[in-house]
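Let's take a walk through a protein chain together.

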Amino acid sequence: MTKLVEIDNLRKTYLVGFMRRPVEGARGITFDVREGEIVGLVGPNGAGKTTTIKVLLGLCAPTSGAARIRGIDSRDPRSRERVGFLPENPYVYPYLTPREFVDLCARLSGMSAAARADRVPKVLERTGIAWAADRPVHRLSKGMLQRTGLAAALVGDPELLVLDEPMSGLDPLGRREVRDLIFEERRSGRTVLFSSHVLSDVEALCDRVVILRGGEVVVAGEVSALVHRGATITELTLRCVDPETRARLLDGARLLRELGEDLVLEIEGENRLGDAITLAIAAGGKVVSAVPRKDSLEDLFFREALRTGDGSDAAPARAGD
Ligand SMILES: Nc1ncnc2c1ncn2[C@@H]1O[C@H](COP(=O)(O)OP(=O)(O)OP(=O)(O)O)[C@@H](O)[C@H]1O
Ligand SMILES: [Mg+2]
């Protein structure tokens, strides 16, 4: 499959303030997006998602490495032909209405008046803002502004959609609508790269995911392969009163809950599971339940975050945040 986007050992060091203090935004990020894919870029605050997207769209230059669209370096404006972009905090001119703003974006992308008259109402409808399309922008809610930004990203009929946090500011229904919209846009042939904190959105939508942390790629791969990677995790509930055995059981397992005499443990691997059950039974305890659990992207994220650091600033927001 053709690579539409290539992020190639991308480094970006911002120089901040009078003393030009270096702040690392990206520290050697590499991944690609193939034609027709939906790829999710996830990671905690400050992970480098927006930095990567900004370099890809030529909004800032890389310190080293490169970003390319269709093989064209992102510093060349031709790379942005047929790219639709939703920035992290879309700015919509407050004195315009969504219809006027989206029409302006279409004009700037060189569309004829006839094409605009056809396309603008369609994208306003598509993004669920048509009903408020003639209100002044300063009277719109955050979610309505987000939808206006999405309409602007779609109006030029792009091949590639780059969306920085497209679900932020949306209520649960709006979030679902934007998920569906991204799916349908892919079905109609577009390629999508989007960033998000919300792992469940990424899991539901993406073919592939790139997890960033501290400006580096922590894990990357197909969502289906990643979420099955830790499929041997079991939620084990043991009833055991002996304090010494209870302490030993916590060795090599993660305590999820303590419910009176019951210990609810998360255990990785079949050997450890067998050992814990044997230990509890030998001490006169019993197995209340053992539920195998499919690893979610969120579990994977936390595990990798803990492996590469203390994980303290790695908490992703859950759906609905
Ligand atoms: N214009 C800038 N000047 C200085 N430092 C910056 C600038 N933009 C980003 N940074 C720094 O680069 C790092 C990565 O930031 P970036 O905005 O790419 O993260 P992010 O993953 O998009 O985070 P968020 O989830 O909060 O949007 C952070 O440490 C941030 O403080
Ligand atoms: Mg960001």
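This is a predicted model: local features need pLDDT of at least 70, side-chain atom pairs count only at pLDDT 80 or more; totals for chains, interfaces and linings use all residues.

The chain has 321 residues, and 38% of them count as buried. If you take the principal axes and draw a box around the C-alpha atoms, that box comes to roughly 80 × 45 × 45 Å. Inside it you can look for 10 helices and 14 strands. Now think about which parts of the chain touch each other. Take the contacts between residues at least 6 apart in sequence: 68% of these join residues at least 24 apart.

Next, the inside. Where do the nonpolar residues gather? The largest nonpolar core is made of 67 residues. Within this core, the residues with the most contacts are V102, A151, V155, V162 and V209. Helix 4 is the top contributor here, giving seven residues to the core. There is also another core, lying apart from the largest one, with 10 residues that include L236, L263, A276 and A280.

Leaving out residues up to four places away in sequence, V102 touches V120, V123, L124, T148, A151, A152 and V155. Keep those names handy for the helix pairs.

Now for the helices. Two packed helices are described by the angle between their axes and the distance between the axes. Start with helix 2, which covers residues 98–108, and helix 4, which covers residues 142–154. These two pack at an angle of about 30°, and their axes are 8 Å apart. Angles under 35 degrees count as roughly parallel, so helix 2 and helix 4 are roughly parallel to each other. Their crossing is right-handed. Which residues make the contact? From helix 2 come P98, F101, V102 and C105, and from helix 4 come T148, A151 and A152. Sorted by class, this contact of helix 2 with helix 4 has six nonpolar residues, one polar residue and no charged ones.

Turn the view until you find helix 3, residues 113–126. The axes of helix 2 and helix 3 come within 10 Å and cross at roughly 130°. That makes helix 2 and helix 3 oblique to each other, and the crossing is again right-handed. On the helix 2 side, the contact uses P98, R99, V102, D103, A106 and R107. On the helix 3 side, you'll find R116, R119, V120, V123 and L124. How many charged residues take part in the contact of helix 2 with helix 3? There are five, along with six nonpolar residues and no polar ones. Notice that V102 is in the contact with helix 4 and also in the contact with helix 3.

Time to visit some loops. R20 sits in the loop between strand 1 (3–16) and strand 2 (21–34). Its phi is near 50°, a positive value in a residue other than glycine. Is R20 buried or exposed? It has 8 other C-beta atoms within 10 Å, and 12 or fewer counts as exposed, so R20 is exposed. For a sense of scale, the C-alpha atoms of R20 and S188 are separated by 46 Å, and the two residues are 168 apart along the chain.

R70 also has a positive phi, about 50°, although it is not a glycine. You'll find R70 in the loop between strand 4 (64–69) and strand 5 (72–73). With 17 other C-beta atoms within 10 Å, R70 is partly exposed.

A loop residue can be buried too, and P62 shows it. P62 is in the loop between helix 1 (49–56) and strand 4. It counts as buried because it has 25 C-beta neighbours inside 10 Å, where 20 or more is the cut-off. Setting aside residues up to four places away in sequence, P62 touches L10, R11, K12, V55 and A67.

Our last stop is G214, in the loop between strand 9 (208–213) and strand 10 (216–222). G214 is partly exposed, with 18 other C-beta atoms within 10 Å. Now find G43: it is 171 residues from G214 in sequence, but their C-alpha atoms are 8.7 Å apart in space.

Technical notes. Residues are numbered from 1 along each chain as its sequence is written. Chains are lettered from A and ligands numbered from 1 in the order in which they are written. Axes are lines fitted to C-alpha atoms, for helices over the stretch in contact, and angles run from 0 to 180 degrees between N-to-C directions. Helices (H or I, at least four residues) and strands (E, at least two) are DSSP runs, numbered from the N terminus. Angles under 35 degrees count as roughly parallel, over 145 as roughly antiparallel, 65 to 115 as roughly perpendicular and the rest as oblique. A crossing is left-handed if the near helix is turned anticlockwise from the far one by less than a right angle, and right-handed if clockwise. Two residues are in contact if their C-beta atoms, placed from the backbone, lie within 7 Å. Ala, Val, Leu, Ile, Met, Phe, Trp, Tyr, Cys and Pro count as nonpolar, Asp, Glu, Lys and Arg as charged, and the others, Gly among them, as polar. A nonpolar core is a set of buried Ala, Val, Leu, Ile, Met, Phe, Trp, Tyr and Cys residues joined through C-beta atoms within 7 Å.
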